[in-house]
Amino acid sequence: MQIINIFNFKKIFILIGTFLAIFAIILSIYSHNANAQEPYNLSPESTVASKGLVEVKMTLIAVDPIKNELEARLQFELKGIYKKGPTYPAQDLLMTVNGANVPDSEITFKEGKPMIVPALKFNLVKGKINNYPFDRHIAKVAISIDPLPSIGKKFAPFELNPVPLEFKFNADVPGFDISYKPMEENSSIFIYIDVSATRSLPVKFFALVIIVIMWVLSIMALLLALKVMKSGKLPEVGMLSWTAVMLFAFPAIRNAQPGVPPVGTASDFLSFFWTEIIVVVALVIIGSCWLKRYHPPIE
């Protein structure tokens, strides 16, 4: 009795150790959480930054790889010669931005009016959604602000030069790790960055757990079917119902993955398609054995 308990304890210990090892490997592979607060410094060559600038705060609020969109909000804080109030410009300003929902890519801010813009949408130019949950998407963001001469006012030459910009980035989108990278064209008067979005570690881990669950259940169903076939006995009806329920439960389990695209992703090829086939084979074996061995009672 003691030997059996020790044997069971060893099996449990090996099972837990294997699970921890797999979890550690997953963490080591996907532990590169993106830092959304990457520092951004004004170019030292700017000679007008001390006279004033516009602080542009970009907050990422949504990433939708299915619609191929990245959504963000912009907030502004004016300083120096451009400031009439915290967000009220001292002269007309023209912002050029490559937002997909911005007509002609231009937004005008009137003197003395608050600088308010609707949520901007940017197209995801790189990334394949079918690589879920290992997909990576990139959107390019370009922003510049230029002063416009107001009617009846005269400005010094430096005031009609491009407006110096200070950029701040923030992102906290559930299910995604967000980072940005300034491009070569990026400068103190022209914001040009790549925004990268990848699935977060919990999403990847949960997707891997779903893959393992489907494989384990499907293999159990196949082993059960093979055992029934070799036993020569009539299988119980409960075996048929359990396997049939599993066949229709797998699509629901697959769709339980967070943010999962339609069928055809990498996770489907890793588990869903094959496990469905295995369950169908098991169901056919058990059903055939039942039909072959069932004999109705003679009245």
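Q: Is the crossing of α3 and α4 left-handed or right-handed?
A: Helices are DSSP runs of H or I with at least four residues and strands are runs of E with at least two, both numbered from the N terminus. A crossing is left-handed if the near helix is turned anticlockwise from the far one by less than a right angle, and right-handed if clockwise. For α3 and α4 the crossing is left-handed.

Q: What pLDDT do local features need in this predicted model?
A: Residues are numbered from 1 along each chain as its sequence is written, and side-chain values use heavy atoms, with hydrogens and water left out. The model is predicted; totals for chains, interfaces and linings use all residues, side-chain atom pairs count only at pLDDT 80 or more, and local features need pLDDT of at least 70.

Q: Are α3 and α4 roughly parallel or roughly antiparallel?
A: Axes are lines fitted to C-alpha atoms, for helices over the stretch in contact, and angles run from 0 to 180 degrees between N-to-C directions. Angles under 35 degrees count as roughly parallel, over 145 as roughly antiparallel, 65 to 115 as roughly perpendicular and the rest as oblique. The axes of α3 and α4 come within 9 Å and cross at roughly 165°. The pair is therefore roughly antiparallel.

Q: How many charged residues are in the contact of α3 with α4?
A: Contact means heavy atoms within 4.5 Å. On the α3 side the residues include Met246, Phe250 and Arg254, and on the α4 side they include Asp268, Glu276 and Trp290. Ala, Val, Leu, Ile, Met, Phe, Trp, Tyr, Cys and Pro count as nonpolar, Asp, Glu, Lys and Arg as charged, and the others, Gly among them, as polar. The contact of α3 with α4 divides into 15 nonpolar residues, three polar and, for charged, three.

Q: Are α2 and α4 roughly parallel or roughly antiparallel?
A: Helix α2 (residues 201-231) packs against helix α4 (residues 266-293) with axes 8 Å apart and an angle of about 20°. Their crossing is left-handed, and their contact has 19 nonpolar residues, five polar and one charged. From the angle, α2 and α4 are therefore roughly parallel.

Q: How many nonpolar residues are in the contact of α2 with α3?
A: The axes of α2 and helix α3 (residues 237-255) lie 11 Å apart at an angle of about 160°, which makes the two helices roughly antiparallel. Among the residues in contact are Ile210, Met214 and Leu217 of α2, with Trp242, Met246 and Phe250 of α3. None of the residues is charged and one is polar, while the nonpolar count is 12.

Q: How many residues does the largest nonpolar core have?
A: A nonpolar core is a set of buried Ala, Val, Leu, Ile, Met, Phe, Trp, Tyr and Cys residues joined through side-chain atoms within 4.5 Å. Buried means under 20% relative accessible area, exposed over 50% and partly exposed in between, with a 1.4 Å probe and protein chains only. Met58, Leu60, Phe76 and Met95 have the most contacts inside the largest core. Its number of residues is 39.

Q: How many residues are in the second, separate core?
A: Phe76, in the largest core, touches Val54, Pro86, Met95 and Ile145, among others beyond four places in sequence. The second core is separate and includes Ile210, Met246, Phe250 and Ala282. Its number of residues is 14.

Q: Does Gly264 count as buried, partly exposed or exposed?
A: Gly264 is in the loop between α3 and α4. Beyond four places in sequence, Gly264 is in contact with Asn130, Arg254, Phe269 and Phe273. The C-alpha atoms of Gly264 and Ile129, 135 residues apart along the chain, are separated by 9.6 Å. The relative accessibility of Gly264 is 23%, so the residue counts as partly exposed.

Q: Which peptide bond is cis, with omega near 5°?
A: Most residues other than glycine have a negative phi, and most peptide bonds are trans. Pro133 sits in the loop between β5 (120-126) and β6 (136-148). The cis bond, with omega near 5°, runs from Tyr132 to Pro133.

Q: Does Asp104 count as buried or exposed?
A: Asp104 lies in the loop between β3 (92-97) and β4 (106-109), and its phi is positive, near 60°. Ser105 also has a positive phi, of about 60°, and is partly exposed at 28% relative accessibility. Asp104 has a relative accessibility of 70%, so this residue counts as exposed.
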